[in-house]
Amino acid sequence: MIGAIEHVQVPVVEYSTIVPELLLVGGAMLLLLISSMFSEKAGQFIYGLYTILVSTAALGSAYFQWQDINDHQSHSAFSGAIANDYYSVFFSVVIASALILSTLVSGDWLRERGIKGPELHVLAMIAAAGAMFMAAANDLIVVFLGLEILSIALYVLAGFNKKSDRSREAALKYFLLGGFSSAIFLYGVALVYGATGSTNLTTIAKFLSGNLVLEQGILLAGVALLVVGFAFKVAAVPFHQWTPDVYEGSPSPITGFMAAVAKAGAFGAFIRVFMGTLFTLKVDWKPIILVLAVLTLLVGSVVACVQTNVKRMLAYSSISHAGFILLGLQAANNDGVAGALYYLLTYSFIVVGSFAIVTAVGGRDDEHHGLEAYRGLGKRNPAIALALTVLLLAQAGVPLTAGFLAKFYVISALVQNGSYATAVFAMLIAAVAAFFYLRLALIMWSGESKDTAEEAHFSLSSGVWLATALAVVFTIGFGVLPPQVIDAVTFARDA
């Protein structure tokens, strides 16, 4: 027994590889401690400012990680369970940026409802840390742990508005369906482990490249279940049923955060597992991803055209965007991965900015989300209407916006891969999707104003203005001058 204990290998702990995650988790715990001692003196402004500072620190630490990788190259830590590479740092930047913008939007929403505690900020930081762990995971067990950290926090955030029946219903639906998807994903992990003898992504990749698996039934069943688990989290059809109800029922600031962070974390793990580890099986999984992508694009774009609730429209829009990112993965080449990463980066800013304006228009009750609430918005608040128009045009893929480049890079990857029919289909679907974006823009700039004192008051939120302005500047700036971003995406892709 003593000899056995002596041969136990203690993993080398390199905390420097998970500094952004540690800052968010530690910041969340510290915020709980501070709020318990100074609850009477602190307020939502202090909590929001604290969260932004912690998120900025995580963003800064990601920059130093990037520089360190330049000097010492990428490597794995924690006995190979965590990858320290450009890819993980890229997603840390995307997720931390989305958290900063979402915090700016949520501050006034919390104050309007008299919520004095820091719970929303704590949960948001924990969820962001979970998403970062997913993108940095080099082991399927770590992917699952990050997935659960992200999901459990989002379940609670979806039902954060306890006075709303829709919010409670959204949380319950998300929790039940999310629990099933997590179980399916974990079953897939078990089958992959049974077929390869490991859950470590590097070890699995070496096993598949160095061995001929004659009986692939268990392995392919595990891969299929992994696809289902990831497909639920990214809202791919037919695993998207939760998305419209959860987006509509959740508080608007949280919906924007959920749309950006959940997709970034899930796709971060999805792309790493399939392009980095299961690449030798691409002949088997590419057709599945193609079917998912085509169905996701078709359902997301077509159903969005008949929506009269803007939050549900944006929910189906997010489904359509997931389809484009899946096409980048399905291309299974360097350009496809780079296009998918660039799409995730631009989508995170655009969707948080869009939901910032949805929060403003929704009013104190967060109920004004029909198309009629936006009629005449250009007359009563031209600045907000102009900002939303820019973000809508970016989602439609209009040139001189980051959204255009995102779609262009994905479709270019398909063309270079010889998938001409799929590329044509993607362009046609993009044209269909442009209908509901342009319809909302037309409604805003035409018709009579339906101004109310409540909506006008909420529209003047400084946090909403700042978050929207940052999103618009990013959308236009990175659409006109993207070379530096493309360099960063290329580094992340190569990792």
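Ala332 turns up in the loop between H13 and H14, where helices are DSSP runs of H or I with at least four residues, numbered from the N terminus. The phi of Ala332 is near 55°, a positive value in a residue other than glycine. Most residues other than glycine have a negative phi, and most peptide bonds are trans. On the peptide-bond side, Val237 and Pro238 are joined by a cis bond, with omega at about 10°. Pro238 sits in the loop between helix H9 (217–233) and H10.

A word on what is being looked at: this is a predicted model, in which local features need pLDDT of at least 70 and side-chain atom pairs count only at pLDDT 80 or more, while totals for chains, interfaces and linings use all residues. Residues are numbered from 1 along each chain as its sequence is written, and side-chain values use heavy atoms, with hydrogens and water left out. The pLDDT, the predictor's confidence in each residue from 0 to 100, averages 86 over the protein chain, and 90% of the residues score at least 70. Over residues 452–459 the pLDDT is below 50, yet this stretch has 22 contacts in the model beyond near neighbours in sequence; contact here means heavy atoms within 4.5 Å.

Helix H13 (residues 310–331) packs against H17 at an angle of about 35°, and their axes are 9 Å apart. Axes are lines fitted to C-alpha atoms, for helices over the stretch in contact, and angles run from 0 to 180 degrees between N-to-C directions. The crossing of H13 and H17 is left-handed, that is, the near helix is turned anticlockwise from the far one by less than a right angle. H13 brings His321, Phe324, Leu327, Gly328, Gln330 and Ala331 to the contact, and H17 brings Lys407, Val410, Ile411, Ala413 and Leu414. Sorted by class, these residues come out as 7 nonpolar, 3 polar and 1 charged. Ala, Val, Leu, Ile, Met, Phe, Trp, Tyr, Cys and Pro count as nonpolar, Asp, Glu, Lys and Arg as charged, and the others, Gly among them, as polar.

On a 1 Å grid over the protein atoms alone, a cavity is a set of points where a 1.4 Å probe fits but cannot get out, and a pocket is an open set with protein on both sides within 12 Å along at least five of seven lines; lining residues have an atom within 4 Å of a point. Grid points are joined across faces, edges and corners, and a volume is the space filled by probe spheres set on the points. The model has 4 cavities of 30 Å³ or more.

The largest cavity holds about 90 Å³. H4 gives the largest share of its lining, 4 residues, and the lining as a whole has 7 nonpolar, 4 polar and no charged residues. The second largest cavity has a volume of about 60 Å³. Its lining includes His321 and Lys407, two residues also found in the contact of H13 with H17. Here H14 supplies the largest share, 4 residues, and the classes are 5 nonpolar, 4 polar and 1 charged.

The largest pocket takes up about 500 Å³. Among the 24 residues lining this pocket, Arg113, Asn161, Lys162, Lys163 and Ser164 are the closest to its centre. The pocket lining has 6 nonpolar, 8 polar and 10 charged residues.
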